[in-house]
Amino acid sequence: MTSNGNGRKTIGSRIGGIGAKLRGSEFWESVFRPGSPFRKGYSDSPRNRSYVIMNNVLYHLHPVKVKRHGVRLSYTLCLGGLSFFLFILLTITGIFLMFYYTPAVPDAYVDTAALSTNVAFGQLVRNLHRWGAHLMVITVFLHMTRVFYHGAYKPPREFNWVVGVVLLFLTLLLSFTGYLLPWDQLALWAVTVGSNMAGYTPVFGDQVSFVLLGGIQVGASTLLRFYVLHVLALPFLIVIFMAVHFWRVRKDGGVSGPL
């Protein structure tokens, strides 16, 4: 143990001792699996290097063999990955905005306006959330267009194509429900038009419109329903379908290319 001239332990040796105790604790061993380079007693051997690869989460996202077109640089490269990155960005910025937003008619517009003046980086985070949402709709649509253009909806990827279509609709619904939350004139009229269009759904039009609005017109019930759908229900469904989507990408042979 390193010590100074007075026989006392240096700060570096104390930090090293705490780190050694932490790496040898049951908690640390329960987090890091055998073969992890972060585990106590790790040695650089072929077996441990194999463990590092097999325990890597990226190993489970991609198949063992990646086709050449999957890593070739092109103008449509990684549109699905970019959509996932934007979803993560929207989740982080959305959690930040939730701290300063109240889903009630008297407070919604005031809270949104206060983000620009009373909250540090509030306007920046709100713009990141807003423009990130627009970009996510565009990238998901372009991703679906690329998959259709390459014929990657054909067997064995037809199930994953259906999952992708569901994700596209969920993304549109996520964008639509977030449109009302600022509670300004543009949002009110946009949701009024959208709900009127939903009212023309065959057979169940009136029921669909009532479920969306929580009444016969846009009001407090509509704002609360859209808020719950936007921050809880739709993100939960998207995470489930994304997990299935990524799993099927791996099982169906990796990133699709021209068929």
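Because the model is predicted, local features need pLDDT of at least 70 and side-chain atom pairs count only at pLDDT 80 or more, while totals for chains, interfaces and linings use all residues. Residues are numbered from 1 along each chain as its sequence is written, and side-chain values use heavy atoms, with hydrogens and water left out.

The protein contains twelve helices and zero strands, where helices (H or I, at least four residues) and strands (E, at least two) are DSSP runs numbered from the N terminus. Read from the N terminus, the order of elements is α-α-α-α-α-α-α-α-α-α-α-α. Of the 259 residues in the protein, 31% are buried. Here buried means under 20% relative accessible area, exposed means over 50%, and partly exposed lies in between, with a 1.4 Å probe and protein chains only. The accessible areas themselves come from the Shrake-Rupley method with a 1.4 Å probe, and for residues only the protein chains shown count as cover.

Leu22 belongs to helix H1 (residues 11-23) and counts as partly exposed because its relative accessibility is 41%. Pro106, in helix H7, is exposed because its relative accessible area is 63%. The C-alpha atoms of Pro106 and Ala220 are 9.3 Å apart, although these residues are 114 residues apart in sequence. Ser209 sits in helix H11 (residues 205-213) and is buried, since its relative accessible area is 15%. Its C-alpha atom is 5.6 Å from that of Ser195, 14 residues away along the chain.

Tyr100 occupies the loop between helix H6 (79-98) and helix H7 (105-117) and is partly exposed, at a relative accessible area of 37%. Together with Ile95, Met98 and Phe99, Tyr100 makes a nonpolar surface patch of about 430 Å². Patches are made of residues with over 30% relative accessible area and no salt bridge; like charges are joined within 9 Å, and nonpolar side chains (Val, Leu, Ile, Met, Phe, Trp, Tyr) within 5 Å.

In the loop between H7 and H8 lies Phe121, which has a positive phi of about 65 degrees although it is not a glycine. Phe121 counts as exposed because its relative accessibility is 65%. Trp183, located in the loop between H9 and helix H10 (185-198), also is not a glycine and has a positive phi, of about 55 degrees. Trp183 is buried, because its relative accessible area is 14%.

Attention now turns to empty space. Rolling a probe the size of a water molecule over the atoms shows where such space is left. A pocket is found on a 1 Å grid over the protein atoms alone, as an open set of points where a 1.4 Å probe fits, with protein on both sides within 12 Å along at least five of seven lines; its lining residues have an atom within 4 Å of a point. The second largest pocket holds about 900 Å³ of space. It is lined by 31 residues, of which Leu97, His129, Gly178, Leu181 and His230 are the closest to its centre. Two or more lining residues come from each of H6, H7, H8, H9, H10 and helix H12 (220-251). By class, the lining comprises 19 nonpolar, nine polar and three charged residues. In this classification Ala, Val, Leu, Ile, Met, Phe, Trp, Tyr, Cys and Pro are nonpolar, Asp, Glu, Lys and Arg are charged, and the others, Gly among them, are polar. For the volume, grid points are joined across faces, edges and corners, and the space filled by probe spheres set on the points is taken.

A salt bridge requires a side-chain nitrogen of Lys or Arg within 4 Å of a carboxyl oxygen of Asp or Glu. By this rule the count is one salt bridge. Arg248 forms a salt bridge with Asp252, and their closest N and O atoms are 3.1 Å apart. Asp252 is buried, because its relative accessible area is 11%.
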